[in-house]
Amino acid sequence: MWCSRTALGRLRRIAPCTVTGFHRAMSTLPKVYVTRKVPPDGLDILRESGQVQFEMWDSDEPVPRVELLKKVKGCDGILCVLTEKIDAQLLEAAGPNLKVVSTMSVGFDHLSLDDLKKRGIRVGYTPDVLTDCVAELTVALLLATSRRLIEATHEAKTGGWGTWRTSWLCGHELANSTVGILGLGRIGVAIAERLKPFKVKKFIYTDVEQRPELANMIEAEYVSFDDMAKQSDFLAVCCALTPETHGICNWNLFSKMKKNAIFINTSRGGVVNQEDLYEALSTGLIAGAGLDVTTPEPLPTHHPLFTLKNCGKHPHVPNLYNFLLLQEHKRMIQIYLSIKKKKHWTPLTFIV
């Protein structure tokens, strides 16, 4: 339900004679469709601004595609999350009024940037807000996997905890290790900063190009993709999902890694060939893996990866704070005000 109806009902009770004019004024406001239930503080900004009218899919579950295509019709703006595919079909359904799409995510592989650019639609995302969250989660996964905490908890619960044994559930330590980072950006740097106190011996990274400014912050050495695979005791995947990185973590990578290596992915599931990862883990080619992301999401409970004790998996955690939502909604309002005033507004967090 468009939020203007609530205000309209209130106004009917207070000043019936002004209802018609109020309704006419509200109907001219830009329309925003919010594709997922979000915390109320964020919606309050839209509501109290008086600059837009909005409708929200009031559920924690994704809006069905058929419903989404209906709801975006005639909208000026869309605030989406990473489960909504914003492609040519959706843009066609939205129509010519659509001026901006803002995604509540760091990644934007669910957006068809070429189609958006062709239509002159501005795109907003939130590149900085999750750096600390994802870095902390990556370190947590790395420690839980390398120290075999998930296995240990399972053994304690199921009666596997017997007499003390000298090498039972021994893991792999970070001290004097080499940590590789695939895709060095803000998150990669933040991960390294958190791992330094564990007495890591060396940080290495590989990327589409050398990143000396970021590398100098953590004293990381640039190496080739193959050398990173061969040298890393721990490998953290932080790269974006692109056509070039899709499936880049495959048998070619795993076959070159050390047998005691730990593989961690907190980027996107599509970066990893999961069949190859399963083979590498089940045959002892590598020691373990910790996954925050998979393909698909959620991963079916019968998936082979769930049968492995050396593969730690948990749901793709949102890691989003309320201020992220507030920034998103503020951005939407600013965009509409700029469009209305025909001003050029280009914040740094816009893609196209």
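This passage walks through the predicted model, from the whole chain down to a few residues.

The model is predicted, so to speak of local features a pLDDT of at least 70 is needed, side-chain atom pairs count only at pLDDT 80 or more, and totals for chains, interfaces and linings use all residues. Residues are numbered from 1 along each chain as its sequence is written, and side-chain values use heavy atoms, with hydrogens and water left out.

Starting with the overall picture, the chain holds 14 helices and 12 strands; helices (H or I, at least four residues) and strands (E, at least two) are DSSP runs, numbered from the N terminus. Of the 352 residues in the chain, 46% are buried, where buried means under 20% relative accessible area, exposed means over 50%, and partly exposed is in between (1.4 Å probe, protein chains only). Contact means heavy atoms within 4.5 Å. Among contacts between residues at least 6 apart in sequence, 62% join residues at least 24 apart.

Seen strand by strand, it is an open sheet of 7 strands in the order 8-7-6-9-10-11-12, with parallel pairing; two strands pair if DSSP finds at least two bridges between them. Strand 8 (220–222) and strand 12 (311–313) are the edge strands, each pairing on one side only. From one strand to the next, the twist averages 20°. Within this sheet, strand 10 and strand 11 (residues 288–291) pair in the parallel sense over 4 bridges, and Asn265 stands opposite Leu291 in strand 11. Helix 13 lies across strand 10, strand 11 and strand 12, and runs at about 140° to strand 11. For such angles, axes are lines fitted to C-alpha atoms, for helices over the stretch in contact, and angles run from 0 to 180 degrees between N-to-C directions.

Two residues show how this region meets other parts of the chain. Gly269 sits in the loop between strand 10 (262–265) and helix 13 (274–282) and is buried, at a relative accessible area of 5%. Not counting residues up to four places away in sequence, Gly269 touches Val293, Thr294 and Thr295. Gly269 and Thr295 are 26 residues apart in sequence, yet 5.0 Å apart in space, C-alpha to C-alpha. Thr145, in helix 7, is buried too, with a relative accessible area of 12%. Beyond its neighbours within four places in sequence, Thr145 is in contact with Ile262, Ile264, Gly288, Ala289, Gly290 and Asn310.

Finally, the rings. Rings of Phe, Tyr and Trp (its six-membered ring) pair if their centres lie within 6.5 Å; planes under 30 degrees apart count as stacked, over 60 as edge-to-face and the rest as tilted. The count comes to 3 aromatic pairs. One of them is edge-to-face, because the rings of Phe108 and Tyr125 have centres 5.1 Å apart and planes at 85°. Phe108 lies in the loop between strand 4 (100–103) and helix 6 (113–118) and Tyr125 in the loop between strand 5 (122–124) and helix 7 (131–146), so the pair ties together parts 17 residues apart in sequence. Phe108 is partly exposed at 30% relative accessible area, whereas Tyr125 counts as buried at 17%.
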